[in-house]
Amino acid sequence: MIFNEQTWAELSNGFVYSAIAVYALAMLMYAAETAGRVAGADTVAARPHARSALLGAFGTSLTVLAFLLNLGGVVARGLAASRVPWGNMYEFVLVCALAAGGAYLAFLSKRPIRAFGVWIVAIVLLALGLAVTVLYAPAGELVPVLNSYWLVIHVAAAIVGGGVFTVGAVATGLFLVRRRQERRMSAGVARDRYAASLPAAQTLEQVAHTAHIFAFPIWTFAVIAGAIWAENSWGRYWGWDPKETWAFITWVFYAAYLHAQSTAGWRGVRASWFALAGYAAFLFNFFGVNLWITGLHSYAGV
Amino acid sequence: MSSRTGAWARRTAGLAVLVVALTACTADRGGPTATDGVVEVIADEDRAPVKPIKGELLDGKRFDSSALAGQVVVYNVWGSWCAPCRTEAPTLKQVSEESESLGVRFVGINVRDNDAAARAFEDSYGIEYPSITTGTSGQALLAFGAALPPSAVPSTMVVDTQGRLAARIIGPADYTTLSTLVSDVVEEQEPSDD
Amino acid sequence: MTETEIAKPEETSAGRTSTPPSWGWLRWVWRNLTSMRTAVILLALLALAAIPGSLFPQRNVASDPAAVMQYTQDHPRLAPWLDRLGMFDVYASPWFAAVYVLLLVSMTGCVLPRSRRLWQSVRSAPPAAPRNLARMEDHQSWETADEPAQVLATATAHLRRKRFRVVTEGNEVRAERGYLREVGNLAFHLSLLALLVGIAAGKLIGFEGRVAIAEGGTFANDRSQYDAFTPSAWTDIDDLEPLSFRLEEFDVSYQTSGPNLGQPSEFAARVAYRSGSGEERSTTVKPNHPLNVNETKFFLTGNGYAPLVTVRDGRGEVVFTGPVLFLPLDGNYASDGVIKAPDAQPTQLAFEGLFLPTADVGPQGPYSRFPDALDPQLFLTAYTGDLGLGDGVPQSVFTLDKDQLTQVKVDGQPFSQALSVGETMRLPGGQGTLTFDGVSRFANFQVAYDPGKEITLVAAIVMLMGLTASLGIRRRRIWVRVTPADGGGSRIEVAGYSLTRREPPPAEIADLVTAIRGPVIDASTSKDSPA
């Protein structure tokens, strides 16, 4: 069998669709695990139910498999187009889903955060679903202005940063849920069984913090690399193009988060809202700016 | 897929629209130069030499400023598309004819134009003095270097007998100003000439 | 200011001093301005303030310079109010400047005292161990028969090897590591200031310009030659790089098959340029590959068609010949433009219309099917009369002032004609002719000179390194205390303390304990967990 561009492109699509199917299964497993955990959650601590733990492990295995399929889809896509596979929005979402899945698995190997699984997988599924339905673009050449090695550097950094920010955002969201529950519990108010099944707020906050301080320099690098590319391509390194503006807004919100984390009275809950605002800005930059706002980055293509 | 090329084209269009806003008027829209020229006379001790100017003329001959050494030369930057150039054209024609007997030479520097349109312009206004073509005027403009007026078309430069910039008018020239400038520069040289 | 546990100004400098009361409120303002809380609020404000600039069209933003004009036309009542609020120029507006200037002041006010404290802490030895070590993190204690001096020496050697700063004082070893974290933090914040210096230098000394040149056209780096020129406050316009160039050819290729049909695959401008009075050299300018002559850079940012036409007037004289820039309207480069012949006689002539690189006629009228010039046609109508150039008022070369122009008509219908290359349009009554000689292209160059960008780049790199250090390095202390044991020998206590939110590397204390005790694990170890 001879692999030409066409077969690579078809193979890539096959991988992506399989990844979606396996991620869907993984989500089912994780959902079942969560349900089991919630049912078994008692007021003191989440004691993993044996069957529920098995489902969770199964969900993780499926997530690994789906991640590998996603990776295969990305690689095949690159071979089909003979370039880095992040030249248009479809590919960009594909790679970002990969990064988010990868970041989750990497964190999972160090911390007990399987409770994130159902959310991460849901986000990844949503992204991949959107990619194949709305954003799909056939593999092809780059428009001339994208033809630069800065595409590799700048976009790759933005994607990795985005993947880790996603884990950070999920951790932050769950932290807020869990934290509220812990407060209420100490006040003797009715408890939320889902929240009770989550890891301790302190653990969640630590994971969120680690993810953010890991992703923030990467994001900073992505912005700087983008500025260098812009200088190389348009003659100015910063021009308040909407994409640049929202990258800046994202950066500033995360900077506010990091500062709030070391401000008495803001640490924890208040700081978390800044992190979520940063993630919202990141998402808007990713989808909103590409789809609704015309700017120099518009050719990134839908 | 067409949106991709579309964006490129939109951008081009966008940039070009700005071109629209300014092409016609780099010289003219930007402030006071639009209707009245800004006059600047340079004191003898402050004058800087103008580099040699070479180029092709609209009538096909070659121009070399070294052939005009020792004469007062008036250079005028113009284009047939430039509206203020039309208002000053009769002035330039009149002053060039009146000062010819004093040994003053006029040379046009045609910019951002096409030769046919430039010749038609000279024809309409009865301009007799030569003009360097758009195709070769780039070097002429650079020859003025630091002396060239910053904002453009039209602008008129008076070069003294020692090849130094003596005065400039940025924007359209009017008769009284230009003839006074020219005769002043001619007269200041006379003691040394005679 | 980023993430650290060292005392904040609001926590340290509190407390009234004996300063006269008139200074009291100033101190209060300063303390609050430089507090971390204020910094966080200002950061949030900065993010929010940046948003409108991405939603409303902006002046001086490259993507579409006409956008503000367009928006004003579309929203005639709203636009003036938005303009008053600075919404069309957000990033140069006073309120945006107010936020970032306050932020910078706040940051500087916070960082400079910290630099001083860092300097002091670098010069001073690690602090003494707290009296009750058992309260610290990772506290461990055990008894040994070893001499106290030997234990202290072993611990010192081990910690030194692990690149701690170590002091042995009496019966305890004090060690600290991770000073670079603070250095990185300061480097990050101070380089932000340097970054602004670089930006300011560019804004004050550099310039930006734009010029569209048709194939065969020339350009000299003189302000008169620019279509648009944005100098800075201190740009030395008389000292522009003495450079001239000619656009020899503009090559474009489009994908003619496959899923991305019509997508451009290459833009390349072949230019011959000369710097000063040097030799003429050739180069190709492409997207991402600017022409760079002593830091004045020419970037290829756009292109379009420039049909070649010849206009003859009523006398048969050639009054115009050459390329005319037509501005693209859509992705297939349907373009519009005008041709003016103000010196035509007996009457001035003007033409207006469309250029279609691959012409076709659909239900909506003529349109272009493909961006490449496969079947180029000009669709023109003609005007006679007065172009209005004679009264000295500048006008755009892309529009006609029709006040004193009359459209040429035949039988009451506007006279119009579609021309292929080589064809001639003859105006009725022998008023003139226009011949479509051929097709050339124009390229749009963005020209930039930014002497501050190296400063900005260096600042950005330092900023990134400082940030990584300040987030990645963990500053922590370790103490070892040896006291005589009740039954002879010594009692050893080891404890650590993290000065940052993140836990210290987990094996650090364990390694130290192993180093002191030797590799054998003694079952009598009592491990105290921190309270």
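Predicted model: local features only at pLDDT ≥ 70, side-chain atom pairs only at ≥ 80, totals over all residues.
Residues are numbered from 1 along each chain as its sequence is written, and chains are lettered from A and ligands numbered from 1 in the order in which they are written. Local features need pLDDT of at least 70 and side-chain atom pairs count only at pLDDT 80 or more, whereas totals for chains, interfaces and linings use all residues.

Six of the strands of chain B form an open sheet in the order β1-β8-β7-β4-β5-β6, with mixed pairing, two strands being paired if DSSP finds at least two bridges between them. At the edges stand β1 (38-41) and β6 (131-132) of chain B, each with a single partner strand, so one side of each has no neighbour in the sheet. Within the sheet, β7 (residues 155-159) and β8 (residues 165-170) of chain B are antiparallel partners over five bridges, and S155(B) stands opposite I170(B) in β8(B).

Of the 194 residues in chain B, 55% are buried, meaning that 20 or more other C-beta atoms, placed from the backbone, lie within 10 Å of the residue's own.

Chain C is assigned domain 1 (9-121), domain 2 (129-178 + 474-527) and domain 3 (207-449), with bounds from an automatic or database domain assignment. The C-alpha centres of domain 2 and domain 3 of chain C are 79 Å apart.

Note on methods: Buried ≥ 20, exposed ≤ 12 C-beta atoms within 10 Å, placed from the backbone. Helix = DSSP H or I, 4+ residues; strand = E, 2+ residues; numbered from the N terminus.
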